[in-house]
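Please view the sequence and the structure alongside the text.

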Amino acid sequence: MQRPSAGLSIILALLAAVAVPRNASAQDFPSRPVRFVVPYAAGGSGDLLARLLGQKLAARWGQQVIVDNKPGAGGLIGTEFAAHAPPDGHTLYLATDGPVTVAASLHRSVPYDWKHDFAPVSMIAVGPQILIVNPKLPARTLAEFIALAKQKPGALNYASIGIGTAPHLAAEMFKSAAGVDLTHVPYKGSSAQAITALIAGDVAMFMVGTSTAIGQVQAGTLRGLAVTSQRRVEGLADVPTFAEAGLPGIDVSLWFAVLVPSATPQPIVQQLHADVANVVASPEYKAELRKRGFDAVASTPDALAAFLDKDYLKFRALIQKLGLQVE
């Protein structure tokens, strides 16, 4: 057998030297506390999911998982921070559609490239949004709310947690489908602020993840008129789907996934995927999500990448149809 040349031997030795630390880093990961970046304020659906997942990963790893809320600009600030974090697996990013698959079409410029700056790890949850109103509003059903809005074009307003976020696009889709004119009042990344405004009567409507509103709807503080899912939500059995309420096609459900900076070594990405998927498959995690109206859903990195591509195309078409644009 022919012996390798001296030059080839050196190259092979260098490749081996590089490969050993990468594998070792996966075996030793995590070696310190892990930061979990959430691009929204505390108290919303994403924040709750990140804290639940973080607690279970911390128990699994024996390392602290610190949820780092970085709200602002519809999620762009936290997303930019996560995109440029050290790619060593110790910074996770909680992804949602707004700053990931929506922003590239909605904004003229974005300080990151979601497709090239991030590597997919796994989906962790999917769930519907709910259209909620102040119970003092003279509308007990979706049909009554639409009729009221048509009587007062532009007089009723709706809250969102920022331009281009899921609540904003869901409300715009509702406006288009129902043929109503509502005024947009964005709040800076906080579902809590929007719900407070809704309870106070400062806004008439808010579309948000069921996990954020389920407590207030059950208590009667807010009234739920419809959910975006194909079936009714556990714990909100009296709230119909949009299709049941006479307005099919409102399909802007929420999804949440874990991404990491794209240069993160594959052995670490694979370990992260295995650990996250293990948590998502656990009965305890599934039960906690059901209480909040969400389904626990894991995915392979490749399947998540394909989903993100499809989601981007869906929202690009919606944004173009609605004529939305942010400078």
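The sections below treat a predicted model.

## Packing of helices α2 and α10

Two packed helices are described by the angle between their axes and the distance between the axes. Helix α2 spans residues 45–61 and helix α10 residues 266–280; their axes come within 10 Å and cross at roughly 115 degrees. The crossing of α2 and α10 is right-handed.

On the α2 side, the contact is formed by Leu53, Lys56, Leu57, Arg60 and Trp61, which meet Leu272, Asp275, Val276, Asn278 and Val279 of α10. By residue class, this contact of α2 with α10 comprises 6 nonpolar, 1 polar and 3 charged residues.

Side chains of opposite charge can pair when their charged atoms come close. Because Asp275 belongs to helix α10 and Arg60 to helix α2, the pair ties together parts that are 215 residues apart in sequence.

## Salt bridges within single helices

The whole structure holds 11 salt bridges. One of them joins the side chains of Asp47 and Arg51 at 2.9 Å, N to O. These residues are 4 apart in helix α2, so about one helical turn separates Asp47 from Arg51. Asp47 is buried at 3% relative accessibility, while Arg51 is partly exposed at 34%.

In helix α12 (residues 301–322), Lys314 and Asp311 are 3 residues apart and thus separated by about one helical turn. Their side chains meet in a salt bridge of 3.6 Å, N to O. Lys314 is partly exposed, with a relative accessible area of 39%, and Asp311 is buried at 5%. Elsewhere, salt bridges with shared partners link Arg35, Asp68 and Lys70 into one network.

Phe145 is located in helix α6, which covers residues 142–151. Its relative accessibility is 0%, below the 20% limit, so Phe145 counts as buried.

Leaving aside residues up to four places away in sequence, Phe145 touches Val133, Leu137, Ala139, Leu156, Phe174, Leu182, Ala204, Met205 and Leu225. Between Phe145 and Met207, the separation is 62 residues in sequence and 14 Å in space, C-alpha to C-alpha.

Note on methods: Residues are numbered from 1 along each chain as its sequence is written. This is a predicted model: local features need pLDDT of at least 70, side-chain atom pairs count only at pLDDT 80 or more; totals for chains, interfaces and linings use all residues. Side-chain values use heavy atoms; hydrogens and water are left out. Axes are lines fitted to C-alpha atoms, for helices over the stretch in contact, and angles run from 0 to 180 degrees between N-to-C directions. Helices (H or I, at least four residues) and strands (E, at least two) are DSSP runs, numbered from the N terminus. A crossing is left-handed if the near helix is turned anticlockwise from the far one by less than a right angle, and right-handed if clockwise. Contact means heavy atoms within 4.5 Å. Ala, Val, Leu, Ile, Met, Phe, Trp, Tyr, Cys and Pro count as nonpolar, Asp, Glu, Lys and Arg as charged, and the others, Gly among them, as polar. Buried means under 20% relative accessible area, exposed over 50%, partly exposed in between (1.4 Å probe, protein chains only). A salt bridge is a side-chain nitrogen of Lys or Arg within 4 Å of a carboxyl oxygen of Asp or Glu.
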